[in-house]
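Please look over the chain shown here before reading on. The notes that follow are grouped by topic.

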Amino acid sequence: MNTVLITGCSSGYGLATVRHFHAQGWQVIATMRRPRADLFADAPGIRVLALDVTDAASIAAALEAAGPIDVLVNNAGLGLFGAFEATPMATVREIFETNTFGTMAMCQAAIPRMRERGAGTIVNVTSSATLAPFPLVAAYTASKAAIEGFTGSLALELAGFDVRARLVEPGYCPDTRFAENGADRMRGLVTEPYAPFAGQVFEGFAQLTAVTQPHDVAQAVWQAANDASTRLRYAAGADALALARAA
């Protein structure tokens with residue numbers, strides 16, 4: 001039976017991806033900073049492990065406890081919305097620490113195990129913000145765009161060992177806890193000069209009809225994990241698919 005380890009599973013895309021893989025008969029290792037076994041109490045075959053992707057010791061302990069894995073899904077991430085001018089560099093670094101360096105650290109820890117086995121797939125979840133410019137998410141976009149370039153290069157490095165690296169690019173999902181999880185971090189980042197523009201952006205979000213749902217991302221991750229081709233990118237959600245086609 002195949003085994004997948006997924007980061008950031010307490011809500012949103014991660015939670016949906018855990019449930020999707022489990023429904024397909026996979027063993028699932030669901031990781032999160034603060035473990036909540038109650039999320040999967042009725043689902044044998046799902047193990048919950050503590051994991052902070054910004055902590056090297058936590059990464060090592062989680063991978064050791066997990067044992068051999070066939071697929072690593074790097075989904076854990078932080079959201080950020082606001083004017084870049086008003087964003088403290090400490091906040092920018094915090095975003096990169098999780099979204100960029102945390103993903104890289106997970107890859108670096110998992111690669112030797114996959115390389116030695118001569119098999120494995122790494123799926124890095126980024127964002128449709130890398131497909132087209134979006135306002136008021138400059139630092140967030142930068143953290144995800146870095147992973148786009150990183151993964152493309154990594155895929156070439158690992159191909160000779162039969163280890164694959166893939167990208168899943170979700171669109172805008174109103175059902176995630178993007179704003180809720182980052183409320184403290186984002187407080188005060190829409191300053192008075194930017195307020196009228198931000199209001200227009202929020203109004204535009206409210207009128208969107210083509211959006212992304214968590215199950216769209218789960219299905220795209222599943223496809224990326226099981227596709228034997230050399231494909232690198234998998235857009236997820238109606239809006240992301242439209243952007244990918246236009247790119």
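Which helix and strands do the buried residues of H8 pack against? They pack against helix H1 (12-23) and against the strands E4 (71-74), E5 (120-125), E6 (163-170) and E7 (233-236). This is a predicted model, in which local features need pLDDT of at least 70, side-chain atom pairs count only at pLDDT 80 or more, and totals for chains, interfaces and linings use all residues. Residues are numbered from 1 along each chain as its sequence is written, and side-chain values use heavy atoms, with hydrogens and water left out. Helices (H or I, at least four residues) and strands (E, at least two) are DSSP runs, numbered from the N terminus.

**Helix H8**

- H8 covers residues 214-226, and its end C-alpha atoms are 19 Å apart, which agrees with the 18 Å that 13 residues should span at 1.5 Å a residue. The expected span is 1.5 Å times one less than the number of residues.
- Its buried residues are Pro214, Asp216, Val217, Ala218, Ala220, Val221, Ala224 and Ala225. Buried means under 20% relative accessible area, exposed over 50%, and partly exposed in between (1.4 Å probe, protein chains only).

**Nonpolar cores**

- A nonpolar core is a set of buried Ala, Val, Leu, Ile, Met, Phe, Trp, Tyr and Cys residues joined through side-chain atoms within 4.5 Å.
- The largest such core has 28 residues, and Phe40 and Val168 have the most contacts inside it.
- H8 gives the largest share of this core, 5 residues.
- Leaving aside neighbours within four places in sequence, Val168 is in contact (heavy atoms within 4.5 Å) with residues including Val217, Ala220, Val221 and Ala224, as well as Tyr234 and Ala236.
- A second, separate core of 23 residues includes Leu5, Leu49, Leu154 and Ala155.

**Ser127**

- Ser127 lies in the loop between E5 and helix H4 (138-158), and it counts as buried because its relative accessibility is 8%.
- Not counting residues up to four places away in sequence, Ser127 touches Tyr140, Lys144, Val168, Glu169 and Pro170.
- A polar atom of the Ser127 side chain lies 2.9 Å from the backbone nitrogen of Ala129.

**Thr151**

- Thr151 lies in helix H4 and counts as buried because its relative accessibility is 0%.
- The Thr151 side chain reaches the backbone oxygen of Ile147 at 2.7 Å.
- Beyond residues up to four places away in sequence, Thr151 touches Asn124, Ala165, Arg166, Leu167 and Leu232.

Key. Polar contact = N/O pair within 3.5 Å; in protein donor to acceptor, adjacent residues only side chain to side chain.
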